[in-house]
Amino acid sequence: MADIFLFKPKHELAAEENLKAFIAKCRDELTVFGADLPWSEAVWPSITVFAKLGVITRAPNSNQLMAPEFVDFAKAYFRYQQGHRPTGTKNESKALRAIEAALIQVVNVADISRLSIAVLDEAAVLARQHYSKGAAYHCGREIERLCKFVSENKLVPVSVQGWRSPIKRPEDKNKTGKYGRVQRDSKLPDEAALNALAEIFANNPESQRDIFTTAVFAMLMSAPSRISEVLALPVDCEVTECDRDGVERYGWRFFSGKGFEGDIKWVPSTMVPVAKEAVRRLTRISENARNLAKWIENNPNRFYRHSDCPRVADSTPLTMAQACQALGLVSESKEASYSALHSRRLVPRDGVHTLNSLWQHVLERLPRDYPWFDAGKGIKYSNALCALNKNQFHGNRSCLPVELHKPDASFFNNDLSPRASLGSTSHQSIFDRYGYRSGDGDRLKLTSHQARHLLNTIAQRGGLSNLELAKWSGRADVKQNRVYNHMSERELVSLAEQIDPSKALFGPIGEVEKNFPVTSLEFNALETAAVHVTEFGYCVHDYVMSPCEKYRDCLNCTEHVCIKGSSENLARIKYRLKNSELLYLKAQEAIKQGDISADRWYQYHEKTVTRLRELVSILERSDIQDGAQIKLRGNDFSQLRRVIAKKTVEAIEGDDKPQEMLADLTKILGGGFG
């Protein structure tokens, strides 16, 4: 385990001195990423690159590197934070690049001591410009974390701890409609590609590359796993136990990513034969690599005797052909042997090398983390299910039986998708090699993560609980399930209806014969379409035809409806009546005193009090059932009523039953056209 420490600033020292002490301790005392970490280098292999914002190359030139006055702080902060809270995404790099660029833009120098609110605001703007929405959000959070750290530890003279990132979390992509369907389809695998891989797996391919690709994908389809989890499985991962009912269950012991840690991932019974066969095939093709790793652990001073190794003593001088044969290089001719040794910077002459000297060359080319295949999960090369030899799947180069290789996600996914940048002849996916195409003739493609999305969606359709699904998928937070749920809106509604059959969420289906079609004229004549709830009932005014002509005077409007039995609405009406009666009395007094225009005030309140008294009387009558709709008549002007009256009379000319239709419309409209 790497040595880490908790930095404690000295409050009596200036920020500049605390910053120097922090950098020195992180450089000289920390062992995160190894005690031999090349601190002075801009590129930390397989870790990060200290380059400017916007630089994506892994081998930047001098003009693309971070400024000298900033890079030491960046290295110290990155190493310190990764030691205390290691992450796979390493978002500290994003934040450091954005802050360095913002410092140069705002204060013309990349000096962390010049950090200010203005610099941080500019860093957030730059993050939005250079990163995707999701990456910019995480960058903003990391900038906020950096502000808190440098302020609390007094590494900058002015505290910026109160700054908060303005970059909001991107919207959830689980949408409905056309956009949601496109998003779901992009996350789920193509059915033709799935069938093609299944067919290749079932036909027992001979090529080791095809065996590896199909076997790994078969494991991804057996249980919802990340590709990094499958590639890091130990060879003895298989677990068989009996459940409480005595049924034998099969699963894999794995170490999950994203904080879930170790557990057993159980495989559904229908997929057990496929899962076992996939593990068996991977065990077979990784056998030589595991044997090599085990040999190096136990015999670090002796050459590994693989099947093609020359049968000579370790100290016997070798010819060029024998040396190439020992290393697994091409040795078909003297010229080929010469070229192969020369390319490895070995002396291309007979009698120069022995197995002992070549073994030192082999040890120098071991992977950087050897013997660990995955140190965080405690998996060694000697026990890794997916450990490989160098060039084991290379089509143009010979397999190197004395060198190790660790496949990663890109190594696997590159065989599932065409790489257009390389051309169809330079790179062929597994589908191209077997001649599979889509129905439209396009090249098929998949990604490793699509299998995880598919299994999660199938589990959601099957009714697996969120807690069970999170455990099966290896998630620490059940809220992450929603990202992998790609059921359509109709599937979700159907599932809800199955849970409670009494709820028909798509609406009633039966009794169509009682709802005969109506003409457009009859439909337009209806007044009770959309309604607007008020504090006394609801309004049935059609705002498409005209705006409200009695704004905030609902109780004097003939388009307002009250519901019998609503005690809350009745109490509000009584309260309005009480206030209106007081105003009515004041209006009477004003008329007696001869106030100008008081008569209009008096007439309005007299009408209001009269209508409210009638309304209260009706709503309190015991012979009227609760739920009855009460609408008072009136002679209010309404453009809609005039149009309906005119059009209705015109349309029913010549009809045998005009009086019946007029009576029906009169009833609908509340007793008169106004």
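A residue counts as exposed when its relative accessible area is over 50%, and as buried when that area is under 20%. Asn108, with a relative accessible area of 67%, is therefore exposed. The structure examined here is a predicted model. Asn108 is placed in the loop between helix 3 and helix 4 (117–130), and its backbone deserves a look as well: phi is positive, about 65 degrees, although the residue is not a glycine.

Arg345 is not a glycine either, and its phi is positive, near 60 degrees. This arginine sits in the loop between helix 13 (334–343) and helix 14. With a relative accessibility of 81%, Arg345 also counts as exposed.

Helix 1 is built from 14 residues and spans 20 Å from its first C-alpha to its last, close to the 20 Å expected at 1.5 Å a residue. Its buried residues are Ala15, Asn18, Leu19, Phe22, Ile23 and Cys26. Viewed down the helix axis, these buried residues fall within an arc of 135 degrees, so they line one face of helix 1. Glu16, Lys20 and Asp28 are exposed and are carried on the face turned away from that buried side. Helix 2 and helix 5 are among the elements that cover the buried residues of helix 1.

Helix 2 (residues 68–84) comprises 17 residues and reaches 25 Å between its first and last C-alpha, close to the 24 Å expected at 1.5 Å a residue. Twelve of these 17 residues are buried, so helix 2 is largely enclosed by the rest of the structure.

Two cavities of 30 Å³ or more are found in a search of the whole structure. The largest cavity has a volume of about 60 Å³, and its lining is formed by Cys554, Leu555, Cys557, His560, Cys562, Arg611, Leu615, Ile630, Lys631 and Leu632. By class, this lining has seven nonpolar residues, one polar residue and two charged residues. Strand 12 (560–563) and helix 23 (598–619) each contribute at least two residues to the lining of the largest cavity.

The second largest cavity holds about 40 Å³ of space. Ser225, Glu229, Val230, Leu233, Trp252, Phe254 and Lys265 form its lining. Helix 9 (227–231) and strand 4 (248–256) are the elements that give two or more residues to this lining. Four nonpolar residues, one polar residue and two charged residues make up the lining of the second largest cavity.

Technical notes. Residues numbered from 1 in each chain as written. Predicted model: local features only at pLDDT ≥ 70, side-chain atom pairs only at ≥ 80, totals over all residues. Heavy atoms only, no water. Helix = DSSP H or I, 4+ residues; strand = E, 2+ residues; numbered from the N terminus. Expected span 1.5 Å × (residues − 1). Buried < 20%, exposed > 50% of the residue type's maximum accessible area, 1.4 Å probe, protein only. Arc of directions from axis to C-beta. Contact = heavy atoms within 4.5 Å. 1 Å grid on protein atoms, 1.4 Å probe; cavity = no way out; pocket = protein on both sides within 12 Å on 5 of 7 lines; lining within 4 Å. Points joined across faces, edges and corners; volume = space filled by probe spheres on them. Nonpolar A, V, L, I, M, F, W, Y, C, P; charged D, E, K, R; others polar.
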